[in-house]
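Welcome, and please open your viewer so that we can walk through this structure together. Have the selection tool ready.

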Amino acid sequence: MICDQCGERPASVIVKQKVQGQMTERHLCHVCAAENHNLNFVFEQDPMAIHQLLSNWFPKQQTSVSPVKKEVAVCPSCGFTFTKFLELGKFGCATCYEAFEPQLENIFKRLHNGNFEHAGKIPASYGSTLKIRKEIEELRKLMQVSIQNENFEEAAKFRDEIKVLNLQLEGGVPDGN
């Protein structure tokens, strides 16, 4: 679809307005949409900074008129408060991580879908190799638990699975024995 205003570029923005009780729809290119004074959106704005993201998720708490005073965690090294961290999006020193650890758990849960640690992203070329290595590591842990529980048949199954996965890592094809 071509821009309704300039008629030159492809339309990438749809503007819907209610004019005199009727809904009008205009298809604009990004240039015309940016020039349109009726829009209050900046197209070339910077991505949201971490402190803006955190302040949206953890809005400033309203002060209450209760006689009970809430204890605020303060970093013993630099005097930074957790509220200050939420405003700025960064800590004052390395000790802040330890001082605010209980509050950080809630943030990490929200940022990492309930997980406390971020495993990172894996490049596609290394994905299968790394997946096999992690699988081998997990199987070794399970094998050790089986040995400790004296369940040697189960431990032998884990050992055999580890051998097959090691063959896959080395580029060999398991022979089925």
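Is lysine 16 buried or exposed? Select lysine 16: at 56% relative accessibility, the residue counts as exposed, because the mark for exposed is over 50%. Keep in mind on this tour that the model is predicted.

The side chains of glutamate 25 and lysine 16 meet in a salt bridge, 3.9 Å from N to O. Glutamate 25 is partly exposed, with a relative accessible area of 42%.

Go to glutamate 8, which is exposed at 60% relative accessible area. Its salt-bridge partner is arginine 9, with the closest N and O atoms 3.7 Å apart. Next, pick arginine 159 and aspartate 160, whose side chains form a salt bridge at 3.1 Å, N to O. Then select Glu137, Glu138 and Lys141 to see a network of salt bridges.

Let us turn to the rings. The structure holds 5 aromatic pairs. Show phenylalanine 82 and phenylalanine 100: their ring centres are 5.7 Å apart and their planes stand at 55°, so this pair is tilted. Phenylalanine 82 sits in helix α3 and phenylalanine 100 in the loop between α4 and α5, so the pair ties together parts 18 residues apart in sequence. Phenylalanine 91 and tyrosine 97 come next, with ring centres 4.7 Å apart and planes at 75°, so they are edge-to-face.

Technical notes
Residues are numbered from 1 along each chain as its sequence is written. This is a predicted model: local features need pLDDT of at least 70, side-chain atom pairs count only at pLDDT 80 or more; totals for chains, interfaces and linings use all residues. Side-chain values use heavy atoms; hydrogens and water are left out. Rings of Phe, Tyr and Trp (its six-membered ring) pair if their centres lie within 6.5 Å; planes under 30 degrees apart count as stacked, over 60 as edge-to-face and the rest as tilted. Helices (H or I, at least four residues) and strands (E, at least two) are DSSP runs, numbered from the N terminus. A salt bridge is a side-chain nitrogen of Lys or Arg within 4 Å of a carboxyl oxygen of Asp or Glu. Buried means under 20% relative accessible area, exposed over 50%, partly exposed in between (1.4 Å probe, protein chains only).
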